[in-house]
Amino acid sequence: MNSITRSNNPFPPVSSIFHHTISILNDLSNIMRLVLLLVLYNSQLVFGCAHAESATCPTLPGNNSHDSVVALILARGGSRGIPLKNLAVIDGHRTLLSRALHTVLGSGVFQSIWVSTEDDRIAEAVEREFPNSSDVRVHRRPMEVALDHTSSIESVRQFLDQHAWAQNVALVQCTSPFLRVEYLREALRRFRLMDADCVFSVTRSFKLRWKIGIDGKVVALNFDPGRRPRRQDWNGELVETGMFYFAKRKLTLEGYFQNDNCEVVVIDDKDAMEIDTPYDLWLARKILE
């Protein structure tokens with residue numbers, strides 16, 4: 001008869017201890033994942049505030065990575081040339097601001113979309129058209145950064161100061177009524193692919209420029225009069241349009257939209273109109289009829 005050898009060791013086998021330990025570690029790992037998800041998706045656990053209570057609550061919208069971009073439209077209520085210009089109806093029923101917001105939304109490339117304003121009428125118009133705050137949010141801008149002499153960079157910096165989670169910002173001008181989805185998508189592509197600090201919109205000009213010199217005589221600026229270039233013989237010049245400016249947070253907080261590490265998006269001349277005067281507004285409406 002075969003004898004059966006029994007062990008007198010009171011402890012479980014090493015392999016059993018090892019597997020049990022791995023099981024515990026897996027459980028701990030799952031718990032940590034759950035905690036992380038709760039932290040990311042419930043900003044109240046981190047900051048003690050909610051979007052419904054404050055539009056400037058420093059929460060973390062989704063997809064907050066180092067190359068994510070926040071879209072920001074500055075919509076001041078104190079326009080001089082055209083009173084309340086941002087709410088001027090442009091194409092039958094949409095305002096300049098509404099048209100820009102729908103284009104920005106349609107691009108689908110932004111982490112979140114904000115309108116910065118000091119004017120209750122503008123804020124209410126945005127909240128009425130976009131009642132779902134996750135689509136478009138209002139940043140209540142203090143009056144001290146909404147004055148006639150306030151620069152765009154000051155207003156953007158104030159927004160970034162209140163939203164520390166924002167990694168990069170795209171200032172989009174709603175006074176450029178012919179903004180296109182494809183321009184915004186190309187800007188973001190260049191911003192990420194080229195690791196640029198900034199991307200902005202330009203047109204390409206082939207105009208020959210002159211100036212009046214100190215002695216009162218005209219002087220050629222961008223060509224040699226003795227060798228006048230044909231259009232097909234040169235690349236022309238890039239002219240800033242003001243339609244949009246993508247910039248990294250650090251650059252903007254330093255007080256700049258642009259530096260020597262910029263990319264550009266060349267837009268069609270016919271889309272470069274900016275609404276500055278009543279005539280511009282009239283012409284844009286005629287074009288859109």
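**View 1. Ser116 and the residues around it.** Leaving out residues up to four places away in sequence, Ser116 touches Leu72, Ile73, Leu74, Ala75, His139 and Arg141, where a contact means heavy atoms within 4.5 Å. Everything here comes from a predicted model, in which local features need pLDDT of at least 70 and side-chain atom pairs count only at pLDDT 80 or more, while totals for chains, interfaces and linings use all residues. Residues are numbered from 1 along each chain as its sequence is written, and side-chain values use heavy atoms, with hydrogens and water left out. Ser116 sits in strand S2; helices (H or I, at least four residues) and strands (E, at least two) are DSSP runs, numbered from the N terminus. With a relative accessible area of 0%, Ser116 is buried. For the record, buried means under 20% relative accessible area, exposed over 50%, and partly exposed in between, using a 1.4 Å probe and protein chains only.

View 2. How many of the residues of S2 are buried? The count is 6 of 6, so to speak a mostly covered strand. Ser112, Trp114 and Ser116 point one way from S2, while Ile113, Val115 and Thr117 point the other way. S2 (residues 112–117) pairs with S1 (residues 70–74) in the parallel sense over 5 bridges; two strands count as paired if DSSP finds at least two bridges between them.

View 3. Strands of a sheet pair through backbone hydrogen bonds, either parallel or antiparallel. In this model, 7 strands form an open sheet in the order S3-S2-S1-S4-S8-S5-S9, with mixed pairing. Strand S3 (137–140) and strand S9 (262–266) stand at the edges with a single partner strand each, so one side of each has no neighbour in the sheet. From one strand to the next, the twist averages 35°; axes are lines fitted to C-alpha atoms, for helices over the stretch in contact, and angles run from 0 to 180 degrees between N-to-C directions.

**View 4. Helices against the sheet.** Helix H4 (residues 120–129) lies across S2 and S3, running at about 165° to S3. Helix H6 (residues 181–193) packs on the sheet too, touching strand S4 (168–172), strand S5 (198–205), strand S8 (237–248) and S9. The direction of H6 makes about 70° with that of S8. Now for the crossovers: S1, helix H3 (residues 96–107) and S2 make a right-handed β-α-β unit, and S2, H4 and S3 make a right-handed β-α-β unit as well. A crossover is right-handed if, with the strands pointing away from the viewer, the path from the first strand over the helix to the second runs clockwise.

**View 5. Phe246 and the nonpolar cores.** The largest nonpolar core has 34 residues, and those with the most contacts inside it are Leu97, Leu101, Phe110, Phe244 and Phe246. Such a core is a set of buried Ala, Val, Leu, Ile, Met, Phe, Trp, Tyr and Cys residues joined through side-chain atoms within 4.5 Å. S1, H3, S2, H4, S4, H6 and S8 each supply at least two residues of this core. Which element gives the most to this core? That would be H6, with 5 residues. Neighbours within four places in sequence aside, the contacts of Phe246 include Val69, Phe110, Leu184, Leu188, Phe191, Cys198 and Phe257.

**View 6. The disulfide between Cys198 and Cys262.** The structure holds 1 disulfide, and a disulfide here is a pair of cysteine sulfur atoms within 2.5 Å. Cys198 is joined to Cys262, S to S 1.7 Å. The pair links distant parts of the chain, with Cys198 in strand S5 and Cys262 in strand S9, 64 residues apart. Why is the disulfide left-handed? The torsion about the S-S bond is about -90°, which is why. Cys198 counts as buried at 0% relative accessibility, whereas Cys262 is partly exposed, with a relative accessible area of 23%.
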